[in-house]
Amino acid sequence: MEGADRERTEAGFKVRTPVDEARRILQEAVEGSGDADADVPCRTGTETVDVDRADGRVLAAPVTSARDVPHYERAAMDGYAVRAADTFGASDRSPEVLRIAEPAAASDDSDEHATADGIDPGAAARVHTGSALPEGADAVVMIERVTELEAAGELEVEDAVAAGENVAPVGEDVVAGQQLYDAGHRLRPSDLGLLRSAGYGRVAVAQQPTVGVIPTGEELVEGDPGPGEVIETNGLTVSRLAQRWGARATYRDIVTDDPESLRVAIQRDLTKDVVVTTGGSSVGERDLLPEVIDDLGEVLVHGVGLKPGHPVCLGIVEETPVLALPGYPVACIVNAVQFLRPVLRWLEGTTPDPHPSTRARLERKIPSEPGTRTFARVKLEKRDGGDLGPDEPRYEAIPTRASGSGVLSSVALADGWVVVDDDREGMPAGETVAVADWEPNA
């Protein structure tokens with residue numbers, strides 16, 4: 001090791017890049033690499049998928065409706081389709097009498113809402129909500145406002161209706177050519193229904209980012225640990241987080257602390273959109289990854305002002321972002337949330353959404369160093385609502401730990417994080433805080 005590498009190692013982490021600055025540097029490297037099409041915001045390429053398989057996927061191009069929805073005039077109520085002029089003057093005391101038109105003959109491809117082909121003046125046809133309006137009809141009388149005279153084949157209409165009343169017009173929901181979504185929109189279940197209604201069976205989406213996750217460390221084992229050995233958990237956790245965030249992750253076998261082995265492992269996964277390593281990112285004798293990344297490409301940031309997890313190393317190798325996450329489990333998770341999640345969004349052509357959060361009253365103070373963004377794990381407990389005002393938070397946030405980056409249970413058994421920003425020196429008890437749920441079930 002020589003030059004800048006020796007200086008960085010000898011200095012430890014006396015100078016730490018602020019989180020926002022580190023993320024900006026990484027974003028510029030990600031968005032400045034490759035040959036992205038200016039008209040396609042994603043950097044992963046595009047593919048066409050069936051609409052029923054597109055939930056959670058990101059649109060690669062704007063979408064406009066291919067047809068009117070509905071594409072026919074339809075009844076908005078159960079009742080009788082009529083010519084509005086035939087009901088003028090109708091009332092409870094003086095109903096208008098109309099003939100009941102015969103229903104259309106059923107066929108193999110007719111639906112349950114089939115009605116007469118058309119109605120003549122003085123006639124009415126039975127319709128159900130969603131039925132196509134028969135030819136000649138321009139309104140619907142609600143079923144509650146008629147009396148059927150079955151023996152005579154007639155109908156007493158007790159309510160006058162205007163043309164268009166209780167009728168959903170063509171294009172009431174969506175008109176043909178209307179823009180529905182911009183490129184970069186992440187599809188939800190309700191979007192899939194609208195796309196199908198608007199004439200789409202398939203849709204162009206961004207390909208899911210691919211991630212190679214490489215756990216490193218000579219002390220790691222997969223099975224029962226002996227003295228000095230540790231069960232591998234970071235790679236498993238990060239790979240599953242990546243999948244939850246919409247990526248396709250490959251969880252690799254453990255790689256020992258050897259420069260050549262680490263080099264080969266990183267180079268193997270440069271076909272992925274992102275390479276993530278866990279462990280070996282600090283400045284100790286066995287922390288070899290920053291040197292390996294710098295030899296293969298460029299270290300962008302080494303050491304970030306966040307706690308837990310400051311020994312993260314962010315680099316780029318052959319236009320592929322390489323994130324070397326710390327080996328302590330909590331620090332690893334914090335950095336995955338802060339850096340891997342945004343990278344996956346940038347590759348898709350989107351930006352990270354805020355995590356869902358719950359307002360809560362801080363039960364006791366959280367200490368923090370100025371210049372360091374602290375992620376304090378907390379549990380939520382419901383407060384007694386008897387004397388709470390309308391703006392008072394309904395939960396108490398009880399800190400479990402603000403330190404202890406190796407205590408994985410402190411994350412798994414917590415309800416979320418309270419973030420203390422870089423410019424604050426802790427948070428006092430009693431403050432209303434946002435508890436971020438960075439790992440929602442949905």
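Why does Asp422 count as buried? Its relative accessibility is 16%, and buried here means under 20% relative accessible area with a 1.4 Å probe, protein chains only.

This is a predicted model, in which local features need pLDDT of at least 70, side-chain atom pairs count only at pLDDT 80 or more, and totals for chains, interfaces and linings use all residues. Numbering starts from 1 along each chain as its sequence is written, and side-chain values use heavy atoms, leaving out hydrogens and water.

**View 1. Asp422 in its loop.** Asp422 sits in the loop between strand 25 (416–420) and strand 26 (432–436); strands are DSSP runs of E with at least two residues, helices are H or I runs of at least four, and both are numbered from the N terminus. Skip the neighbours within four places in sequence, and Asp422 still has contacts (heavy atoms within 4.5 Å) with Pro18, Val19, Gly305, Glu369, Pro370, Gly371, Thr372 and Arg373.

**View 2. Helix 2 against helix 7.** The axes of helix 2 (residues 19–31) and helix 7 (residues 329–348) come within 10 Å and cross at roughly 35 degrees; these axes are lines fitted to C-alpha atoms over the stretch in contact, with angles from 0 to 180 degrees between N-to-C directions. On the helix 2 side, the contact uses Val19, Ala22, Arg23, Leu26, Gln27, Val30 and Glu31, while helix 7 brings Gln338, Phe339, Pro342, Val343, Trp346 and Leu347.

**View 3. The chain around these close-ups.** The protein chain holds eight helices and 26 strands. Of its 442 residues, 44% count as buried.

Note on methods: Buried means under 20% relative accessible area, exposed over 50%, partly exposed in between (1.4 Å probe, protein chains only).
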